[in-house]
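Let's take a friendly walk along the place where two protein chains come together. Have the sequence and the 3D view ready as you read.

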Amino acid sequence: MSNHHNGRPETGAFFPRDRGWHPPAFTPSYKTSVLRSPQKALLSLDGTISEITGPVFGHSMLGELDNDLIHNFAKPGESAIGERIIVHGRVLDERGRAVQGALLEFWQANAGGRYRHKKESYLAALDPNFGGCGRTITDENGYYYFRTIKPGPYPWPNGVNDWRPAHIHFSIFGHGFAQRLITQMYFEGDPMIWKCPIVGTIPDRRAIEQLIAPLDWANTIPMDARAYKFDIVLRGRRSTFFENRPEGN
Amino acid sequence: MVQDLGYLKETASQTAGPYVHIGLTPNFCGIPGVYESDLGSAMVNDKTLGERITVTGRVIDGAGVPLKDALIEIWQADAAGLYNSPSELRGHADPNFAGWGRCPTGADDGVFTFRTVKPGRVPARDGRPMAPHITFWIIARGINLGLHTRMYFPDEPAANAEDPLLGRIEHRHRTQTLVAGGTAPNYVFDIHLQGEKETVFLDI
(Lines give C-alpha, C1' and ligand atoms only; values in the text may rest on other atoms or scores of the structure.)
Protein backbone atom coordinates (compact mmCIF):
# COMPACT_ATOMS: atom_id res chain seq x y z
CA MET A 1 0.00 0.00 0.00
CA SER A 2 2.49 2.62 -1.08
CA ASN A 3 2.00 6.22 -2.00
CA HIS A 4 2.59 5.74 -5.69
CA HIS A 5 2.78 8.60 -8.10
CA ASN A 6 3.56 7.49 -11.63
CA GLY A 7 4.44 4.17 -10.05
CA ARG A 8 7.25 5.50 -7.88
CA PRO A 9 7.05 5.83 -4.11
CA GLU A 10 7.30 9.46 -3.07
CA THR A 11 10.24 10.50 -0.97
CA GLY A 12 9.82 14.28 -0.69
CA ALA A 13 9.81 16.00 2.67
CA PHE A 14 6.45 17.31 3.83
CA PHE A 15 5.18 20.85 3.48
CA PRO A 16 6.06 22.77 6.64
CA ARG A 17 3.28 22.74 9.21
CA ASP A 18 1.43 26.06 9.48
CA ARG A 19 1.66 26.50 13.23
CA GLY A 20 -0.52 29.59 13.10
CA TRP A 21 -3.35 27.41 11.80
CA HIS A 22 -2.97 24.65 14.39
CA PRO A 23 -3.61 25.45 18.05
CA PRO A 24 -0.53 26.75 19.88
CA ALA A 25 0.77 24.67 22.82
CA PHE A 26 -0.02 27.24 25.51
CA THR A 27 -3.76 27.97 25.62
CA PRO A 28 -4.64 28.91 29.21
CA SER A 29 -8.41 28.81 28.74
CA TYR A 30 -7.83 25.06 28.30
CA LYS A 31 -6.28 24.73 31.74
CA THR A 32 -4.38 21.46 31.40
CA SER A 33 -2.28 22.98 28.61
CA VAL A 34 -0.66 25.42 31.06
CA LEU A 35 1.76 22.90 32.61
CA ARG A 36 1.94 20.64 29.56
CA SER A 37 3.16 23.14 26.96
CA PRO A 38 6.84 23.55 26.03
CA GLN A 39 8.09 27.09 26.69
CA LYS A 40 11.16 26.95 24.49
CA ALA A 41 11.11 27.23 20.72
CA LEU A 42 10.85 24.05 18.67
CA LEU A 43 13.95 23.03 16.73
CA SER A 44 13.09 23.05 13.01
CA LEU A 45 14.18 20.09 10.95
CA ASP A 46 13.60 19.62 7.23
CA GLY A 47 12.31 16.07 7.10
CA THR A 48 14.94 13.35 6.93
CA ILE A 49 14.22 9.72 6.10
CA SER A 50 13.28 9.30 9.77
CA GLU A 51 10.28 11.61 9.28
CA ILE A 52 9.27 11.06 5.65
CA THR A 53 8.84 7.34 6.25
CA GLY A 54 6.17 5.89 8.51
CA PRO A 55 4.28 2.71 9.25
CA VAL A 56 1.66 1.62 6.71
CA PHE A 57 -1.02 -0.86 7.71
CA GLY A 58 -2.69 -3.54 5.61
CA HIS A 59 -6.44 -4.11 5.33
CA SER A 60 -5.87 -7.67 6.57
CA MET A 61 -5.49 -6.41 10.14
CA LEU A 62 -9.13 -5.29 10.23
CA GLY A 63 -11.91 -7.35 11.80
CA GLU A 64 -15.33 -7.45 10.19
CA LEU A 65 -16.95 -5.14 12.77
CA ASP A 66 -14.01 -2.79 13.32
CA ASN A 67 -15.85 0.04 11.54
CA ASP A 68 -19.26 -0.67 13.12
CA LEU A 69 -19.43 0.84 16.60
CA ILE A 70 -23.13 0.01 16.84
CA HIS A 71 -22.28 -3.69 16.91
CA ASN A 72 -18.58 -4.24 17.70
CA PHE A 73 -19.14 -4.25 21.46
CA ALA A 74 -22.79 -5.33 21.50
CA LYS A 75 -24.15 -8.66 22.64
CA PRO A 76 -25.30 -10.89 19.77
CA GLY A 77 -28.59 -9.63 18.38
CA GLU A 78 -28.39 -6.33 20.25
CA SER A 79 -27.10 -2.89 19.29
CA ALA A 80 -26.03 0.40 20.84
CA ILE A 81 -28.71 2.95 21.75
CA GLY A 82 -28.71 6.38 20.13
CA GLU A 83 -29.03 8.27 16.86
CA ARG A 84 -27.70 5.94 14.19
CA ILE A 85 -25.25 7.69 11.86
CA ILE A 86 -22.76 6.92 9.10
CA VAL A 87 -19.58 9.01 9.06
CA HIS A 88 -17.72 8.97 5.77
CA GLY A 89 -15.29 11.02 3.77
CA ARG A 90 -11.88 11.11 2.16
CA VAL A 91 -8.36 11.49 3.40
CA LEU A 92 -6.47 13.86 1.12
CA ASP A 93 -3.14 15.58 1.32
CA GLU A 94 -2.59 19.32 0.92
CA ARG A 95 -2.07 18.81 -2.82
CA GLY A 96 -5.58 17.35 -3.00
CA ARG A 97 -4.30 13.84 -3.68
CA ALA A 98 -6.06 10.85 -2.14
CA VAL A 99 -4.16 9.18 0.68
CA GLN A 100 -4.73 5.48 0.18
CA GLY A 101 -4.09 2.95 2.91
CA ALA A 102 -4.41 5.54 5.69
CA LEU A 103 -5.29 3.98 9.04
CA LEU A 104 -8.04 5.89 10.88
CA GLU A 105 -8.87 5.13 14.50
CA PHE A 106 -11.80 6.82 16.24
CA TRP A 107 -13.24 6.92 19.73
CA GLN A 108 -16.19 8.65 21.35
CA ALA A 109 -18.68 8.82 24.21
CA ASN A 110 -22.06 7.08 24.03
CA ALA A 111 -25.38 8.79 23.24
CA GLY A 112 -25.54 10.19 26.78
CA GLY A 113 -22.02 11.62 26.75
CA ARG A 114 -20.49 8.84 28.86
CA TYR A 115 -17.11 7.32 27.99
CA ARG A 116 -16.27 3.71 28.78
CA HIS A 117 -13.10 4.53 30.74
CA LYS A 118 -12.21 3.91 34.37
CA LYS A 119 -11.22 7.53 34.95
CA GLU A 120 -14.60 8.81 33.78
CA SER A 121 -17.07 9.56 36.58
CA TYR A 122 -19.90 11.41 34.81
CA LEU A 123 -23.23 10.25 36.22
CA ALA A 124 -24.78 9.48 32.82
CA ALA A 125 -25.10 5.73 32.37
CA LEU A 126 -22.92 3.41 30.32
CA ASP A 127 -24.59 1.64 27.42
CA PRO A 128 -23.86 -2.10 27.88
CA ASN A 129 -23.81 -2.50 24.11
CA PHE A 130 -21.43 0.36 23.29
CA GLY A 131 -17.62 0.30 23.63
CA GLY A 132 -16.77 3.47 21.73
CA CYS A 133 -13.79 2.52 19.55
CA GLY A 134 -13.44 1.72 15.86
CA ARG A 135 -10.97 1.78 13.00
CA THR A 136 -10.73 1.52 9.24
CA ILE A 137 -8.27 1.96 6.37
CA THR A 138 -8.88 4.18 3.34
CA ASP A 139 -9.35 2.53 -0.04
CA GLU A 140 -7.38 3.30 -3.21
CA ASN A 141 -9.29 6.57 -3.62
CA GLY A 142 -8.76 7.68 -0.04
CA TYR A 143 -12.36 6.90 1.02
CA TYR A 144 -13.41 5.61 4.43
CA TYR A 145 -16.68 5.09 6.29
CA PHE A 146 -17.94 3.79 9.60
CA ARG A 147 -21.23 3.35 11.44
CA THR A 148 -21.87 4.58 14.96
CA ILE A 149 -24.32 6.41 17.19
CA LYS A 150 -24.12 10.18 17.56
CA PRO A 151 -22.24 10.94 20.80
CA GLY A 152 -23.78 13.19 23.43
CA PRO A 153 -22.18 16.34 24.90
CA TYR A 154 -20.62 15.99 28.33
CA PRO A 155 -19.45 18.26 31.16
CA TRP A 156 -15.79 18.44 32.13
CA PRO A 157 -13.83 20.03 34.95
CA ASN A 158 -12.22 23.06 33.32
CA GLY A 159 -14.34 26.15 33.89
CA VAL A 160 -17.18 25.91 36.39
CA ASN A 161 -19.71 25.03 33.69
CA ASP A 162 -17.82 23.80 30.63
CA TRP A 163 -19.38 21.21 28.33
CA ARG A 164 -17.81 19.56 25.31
CA PRO A 165 -19.84 19.68 22.10
CA ALA A 166 -20.74 16.30 20.61
CA HIS A 167 -17.54 15.06 18.99
CA ILE A 168 -15.68 12.04 17.67
CA HIS A 169 -11.90 11.78 18.16
CA PHE A 170 -9.85 10.78 15.09
CA SER A 171 -6.29 9.48 14.88
CA ILE A 172 -4.82 9.35 11.36
CA PHE A 173 -1.68 7.80 9.89
CA GLY A 174 -0.56 8.98 6.47
CA HIS A 175 2.57 7.57 4.86
CA GLY A 176 5.16 9.53 6.81
CA PHE A 177 5.51 9.80 10.56
CA ALA A 178 5.58 13.60 10.16
CA GLN A 179 1.94 13.41 8.97
CA ARG A 180 0.75 11.84 12.21
CA LEU A 181 -2.37 13.69 13.35
CA ILE A 182 -5.03 13.56 16.03
CA THR A 183 -8.10 15.74 15.80
CA GLN A 184 -11.80 15.92 16.68
CA MET A 185 -14.85 16.00 14.43
CA TYR A 186 -17.84 18.16 15.38
CA PHE A 187 -21.41 18.14 14.06
CA GLU A 188 -23.07 20.79 11.90
CA GLY A 189 -25.33 23.16 13.78
CA ASP A 190 -24.16 22.34 17.31
CA PRO A 191 -24.24 25.62 19.31
CA MET A 192 -21.82 24.12 21.87
CA ILE A 193 -18.95 24.27 19.36
CA TRP A 194 -18.55 28.01 19.80
CA LYS A 195 -18.52 27.83 23.63
CA CYS A 196 -15.83 25.15 23.95
CA PRO A 197 -12.35 26.06 25.28
CA ILE A 198 -10.77 23.11 23.43
CA VAL A 199 -12.28 24.18 20.10
CA GLY A 200 -11.21 27.71 21.08
CA THR A 201 -7.53 26.69 21.19
CA ILE A 202 -7.65 26.96 17.37
CA PRO A 203 -7.01 30.58 16.46
CA ASP A 204 -8.49 30.66 12.95
CA ARG A 205 -12.25 30.30 12.50
CA ARG A 206 -11.77 28.67 9.10
CA ALA A 207 -9.65 25.95 10.71
CA ILE A 208 -12.49 25.29 13.16
CA GLU A 209 -15.05 25.15 10.36
CA GLN A 210 -12.89 22.50 8.69
CA LEU A 211 -13.56 20.26 11.74
CA ILE A 212 -17.36 20.52 11.45
CA ALA A 213 -18.99 17.69 9.50
CA PRO A 214 -22.09 18.68 7.53
CA LEU A 215 -25.21 16.53 7.49
CA ASP A 216 -25.01 14.64 4.21
CA TRP A 217 -28.67 14.23 3.36
CA ALA A 218 -27.94 12.67 -0.05
CA ASN A 219 -26.14 9.75 1.58
CA THR A 220 -28.61 9.27 4.42
CA ILE A 221 -29.97 5.72 4.38
CA PRO A 222 -33.80 5.83 4.58
CA MET A 223 -35.29 4.24 7.71
CA ASP A 224 -31.78 3.45 8.97
CA ALA A 225 -29.06 6.06 9.55
CA ARG A 226 -28.28 9.68 8.74
CA ALA A 227 -24.91 10.45 7.16
CA TYR A 228 -22.25 13.03 8.04
CA LYS A 229 -19.34 13.76 5.73
CA PHE A 230 -15.91 14.49 7.15
CA ASP A 231 -12.88 14.98 4.89
CA ILE A 232 -9.44 15.04 6.47
CA VAL A 233 -6.39 16.78 5.01
CA LEU A 234 -2.87 15.61 5.86
CA ARG A 235 0.36 17.41 5.04
CA GLY A 236 1.38 17.44 1.39
CA ARG A 237 4.70 16.21 0.06
CA ARG A 238 7.26 18.35 -1.65
CA SER A 239 8.37 17.38 -5.13
CA THR A 240 11.97 16.19 -5.17
CA PHE A 241 13.45 18.71 -7.63
CA PHE A 242 17.26 18.69 -7.72
CA GLU A 243 17.51 17.10 -4.26
CA ASN A 244 20.83 15.71 -3.02
CA ARG A 245 22.68 16.78 -6.15
CA PRO A 246 25.73 18.77 -5.16
CA GLU A 247 26.49 21.79 -7.36
CA GLY A 248 28.89 21.04 -10.20
CA ASN A 249 28.17 17.33 -10.36
CA MET B 1 -4.45 38.19 -9.85
CA VAL B 2 -2.09 35.27 -10.21
CA GLN B 3 -2.72 31.57 -10.63
CA ASP B 4 -4.10 29.76 -7.60
CA LEU B 5 -1.69 27.19 -6.17
CA GLY B 6 -4.71 25.13 -5.22
CA TYR B 7 -3.29 23.68 -2.03
CA LEU B 8 -5.61 22.60 0.75
CA LYS B 9 -5.03 23.42 4.42
CA GLU B 10 -4.05 20.64 6.79
CA THR B 11 -6.83 19.58 9.16
CA ALA B 12 -6.15 21.33 12.47
CA SER B 13 -5.01 19.25 15.43
CA GLN B 14 -6.96 18.86 18.66
CA THR B 15 -5.89 17.27 21.92
CA ALA B 16 -6.19 13.49 22.22
CA GLY B 17 -7.92 14.08 25.57
CA PRO B 18 -7.88 11.92 28.72
CA TYR B 19 -9.69 8.97 27.12
CA VAL B 20 -7.34 8.44 24.19
CA HIS B 21 -6.89 4.84 25.36
CA ILE B 22 -10.45 3.95 24.32
CA GLY B 23 -9.49 4.44 20.71
CA LEU B 24 -5.80 3.58 20.59
CA THR B 25 -5.29 0.95 23.32
CA PRO B 26 -8.79 -0.35 24.17
CA ASN B 27 -7.55 -3.58 25.75
CA PHE B 28 -5.31 -1.56 28.08
CA CYS B 29 -8.26 0.47 29.34
CA GLY B 30 -10.68 -2.39 29.88
CA ILE B 31 -12.50 -2.63 26.56
CA PRO B 32 -11.70 -6.23 25.59
CA GLY B 33 -12.94 -8.18 22.64
CA VAL B 34 -13.14 -5.46 20.00
CA TYR B 35 -9.56 -5.95 18.79
CA GLU B 36 -7.44 -9.04 19.40
CA SER B 37 -4.59 -6.98 20.84
CA ASP B 38 -3.62 -3.35 21.13
CA LEU B 39 -1.87 -2.10 17.99
CA GLY B 40 1.85 -1.50 18.43
CA SER B 41 2.13 -3.41 21.71
CA ALA B 42 4.64 -5.97 20.40
CA MET B 43 7.52 -4.66 18.30
CA VAL B 44 9.80 -7.71 18.11
CA ASN B 45 9.37 -11.45 17.63
CA ASP B 46 11.79 -14.40 17.81
CA LYS B 47 13.05 -13.76 14.30
CA THR B 48 13.70 -10.03 14.54
CA LEU B 49 17.33 -9.21 13.78
CA GLY B 50 19.44 -7.05 16.05
CA GLU B 51 20.34 -6.25 19.61
CA ARG B 52 17.33 -6.38 21.93
CA ILE B 53 16.89 -3.26 24.05
CA THR B 54 14.30 -1.90 26.46
CA VAL B 55 13.41 1.77 26.62
CA THR B 56 11.49 3.01 29.63
CA GLY B 57 10.66 6.55 30.67
CA ARG B 58 8.12 9.04 31.86
CA VAL B 59 6.55 12.22 30.54
CA ILE B 60 6.88 14.96 33.17
CA ASP B 61 4.88 18.20 33.33
CA GLY B 62 5.97 21.71 34.32
CA ALA B 63 5.29 20.98 38.01
CA GLY B 64 7.55 17.92 37.95
CA VAL B 65 4.70 15.43 38.01
CA PRO B 66 4.66 12.42 35.64
CA LEU B 67 1.67 12.19 33.30
CA LYS B 68 -0.44 9.10 33.80
CA ASP B 69 -2.68 9.70 30.80
CA ALA B 70 -0.14 10.22 28.00
CA LEU B 71 0.44 7.96 25.04
CA ILE B 72 3.74 7.53 23.21
CA GLU B 73 4.43 6.25 19.73
CA ILE B 74 7.92 5.50 18.45
CA TRP B 75 9.25 5.03 14.91
CA GLN B 76 12.71 3.74 14.12
CA ALA B 77 14.93 1.96 11.62
CA ASP B 78 15.77 -1.72 11.93
CA ALA B 79 19.16 -3.00 13.08
CA ALA B 80 20.58 -2.46 9.59
CA GLY B 81 19.38 1.14 9.40
CA LEU B 82 16.40 0.55 7.08
CA TYR B 83 12.82 1.73 7.60
CA ASN B 84 9.87 -0.58 7.03
CA SER B 85 8.10 1.93 4.78
CA PRO B 86 7.17 2.27 1.08
CA SER B 87 9.29 5.44 0.98
CA GLU B 88 12.42 3.48 1.94
CA LEU B 89 14.25 3.06 -1.37
CA ARG B 90 17.65 1.93 -0.06
CA GLY B 91 16.67 -1.69 0.49
CA HIS B 92 14.19 -3.97 2.21
CA ALA B 93 13.82 -3.67 5.96
CA ASP B 94 13.69 -6.69 8.27
CA PRO B 95 10.22 -8.21 7.62
CA ASN B 96 10.04 -9.23 11.28
CA PHE B 97 10.32 -5.66 12.49
CA ALA B 98 7.67 -3.03 11.73
CA GLY B 99 9.67 -0.25 13.39
CA TRP B 100 6.62 1.28 15.03
CA GLY B 101 5.35 0.91 18.60
CA ARG B 102 2.70 2.43 20.83
CA CYS B 103 2.54 2.50 24.63
CA PRO B 104 0.44 4.43 27.16
CA THR B 105 2.13 5.79 30.27
CA GLY B 106 1.19 3.57 33.21
CA ALA B 107 -1.94 4.57 35.10
CA ASP B 108 -0.13 4.02 38.44
CA ASP B 109 3.49 5.05 37.91
CA GLY B 110 3.43 6.95 34.63
CA VAL B 111 6.11 4.73 33.09
CA PHE B 112 6.11 3.66 29.43
CA THR B 113 8.08 0.64 28.21
CA PHE B 114 9.18 -0.36 24.70
CA ARG B 115 10.91 -3.65 23.94
CA THR B 116 12.63 -3.14 20.61
CA VAL B 117 16.00 -3.41 18.85
CA LYS B 118 18.77 -0.86 18.64
CA PRO B 119 18.39 0.99 15.33
CA GLY B 120 21.20 1.20 12.79
CA ARG B 121 22.43 4.53 11.43
CA VAL B 122 20.55 6.29 8.63
CA PRO B 123 21.68 9.20 6.44
CA ALA B 124 20.57 12.83 6.74
CA ARG B 125 19.27 14.57 3.58
CA ASP B 126 22.78 15.63 2.62
CA GLY B 127 24.09 12.08 3.00
CA ARG B 128 25.93 12.54 6.29
CA PRO B 129 25.22 9.68 8.72
CA MET B 130 22.94 10.47 11.65
CA ALA B 131 23.62 8.83 15.00
CA PRO B 132 21.31 5.93 15.94
CA HIS B 133 18.03 7.39 17.14
CA ILE B 134 14.37 6.66 17.80
CA THR B 135 11.65 9.17 16.86
CA PHE B 136 9.09 9.84 19.61
CA TRP B 137 5.58 11.29 19.31
CA ILE B 138 3.80 12.31 22.51
CA ILE B 139 0.08 12.96 22.88
CA ALA B 140 -2.05 13.57 25.98
CA ARG B 141 -4.77 15.64 27.56
CA GLY B 142 -3.48 19.22 27.58
CA ILE B 143 -1.24 18.73 24.51
CA ASN B 144 -2.96 20.46 21.59
CA LEU B 145 -0.65 19.17 18.86
CA GLY B 146 1.43 15.99 19.20
CA LEU B 147 5.04 16.64 20.21
CA HIS B 148 7.90 15.15 18.18
CA THR B 149 11.33 14.50 19.60
CA ARG B 150 14.20 12.01 19.24
CA MET B 151 16.03 9.72 21.62
CA TYR B 152 19.75 9.13 21.11
CA PHE B 153 21.96 6.56 22.84
CA PRO B 154 24.42 7.32 25.69
CA ASP B 155 26.88 4.68 24.45
CA GLU B 156 27.30 6.33 21.02
CA PRO B 157 29.37 9.41 21.89
CA ALA B 158 31.32 9.48 18.63
CA ALA B 159 28.22 9.16 16.44
CA ASN B 160 26.32 11.66 18.58
CA ALA B 161 29.20 14.16 18.26
CA GLU B 162 28.82 14.18 14.45
CA ASP B 163 25.02 13.99 14.34
CA PRO B 164 23.65 16.82 12.16
CA LEU B 165 20.56 17.41 14.32
CA LEU B 166 22.33 17.37 17.69
CA GLY B 167 24.93 19.70 16.19
CA ARG B 168 22.28 22.32 15.49
CA ILE B 169 21.15 22.75 19.08
CA GLU B 170 22.33 26.26 19.91
CA HIS B 171 22.32 25.89 23.69
CA ARG B 172 24.73 23.01 23.97
CA HIS B 173 23.65 21.82 27.42
CA ARG B 174 20.18 21.10 26.01
CA THR B 175 21.67 18.42 23.72
CA GLN B 176 21.67 16.12 26.74
CA THR B 177 17.86 16.21 26.90
CA LEU B 178 17.81 14.00 23.79
CA VAL B 179 20.31 11.42 25.07
CA ALA B 180 18.86 8.55 27.09
CA GLY B 181 20.19 7.49 30.46
CA GLY B 182 20.79 3.94 31.61
CA THR B 183 23.14 1.40 30.09
CA ALA B 184 22.70 -1.20 27.37
CA PRO B 185 20.34 -2.97 27.02
CA ASN B 186 18.13 -0.93 29.37
CA TYR B 187 17.78 2.72 28.46
CA VAL B 188 15.79 5.37 30.30
CA PHE B 189 14.36 8.36 28.47
CA ASP B 190 12.41 10.87 30.53
CA ILE B 191 10.63 13.60 28.58
CA HIS B 192 10.22 16.97 30.29
CA LEU B 193 7.42 19.00 28.75
CA GLN B 194 8.34 22.30 30.35
CA GLY B 195 10.83 24.13 32.54
CA GLU B 196 14.53 23.95 33.31
CA LYS B 197 15.04 20.41 31.99
CA GLU B 198 12.68 20.88 29.04
CA THR B 199 13.27 18.33 26.28
CA VAL B 200 14.15 19.69 22.85
CA PHE B 201 11.02 19.25 20.70
CA LEU B 202 11.11 19.31 16.93
CA ASP B 203 9.16 21.07 14.21
CA ILE B 204 9.47 18.34 11.60
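**Where chain A and chain B come together**

About 7,600 Å² is buried between chain A and chain B, and carbon and sulfur atoms give 57% of it; buried area is the accessible area (1.4 Å probe) that two parts lose on being put together, summed over both. On the chain A side, A:Arg36, A:Leu43 and A:Phe177 lose the most area to chain B, together 12% of what that side buries. This is a predicted model, so local features need pLDDT of at least 70 and side-chain atom pairs count only at pLDDT 80 or more, while totals for chains, interfaces and linings use all residues. Residues are numbered from 1 along each chain as its sequence is written, chains are lettered from A and ligands numbered from 1 in the order in which they are written, and side-chain values use heavy atoms, leaving out hydrogens and water.

Now look at who touches whom. In chain A, 96 residues are in contact (heavy atoms within 4.5 Å) with 76 residues of chain B.

Charged partners also meet here: the count between the two chains is seven salt bridges, each a side-chain nitrogen of Lys or Arg within 4 Å of a carboxyl oxygen of Asp or Glu. One of them joins A:Glu105 to B:Arg102, with the closest N and O atoms 2.8 Å apart.

Finally, find A:Leu43 again. A:Leu43 stands opposite B:Leu202 in β10(B), where strands are DSSP runs (E, at least two residues) numbered from the N terminus.

Technical notes: Pairing = 2+ DSSP bridges. Helix = DSSP H or I, 4+ residues; strand = E, 2+ residues; numbered from the N terminus.
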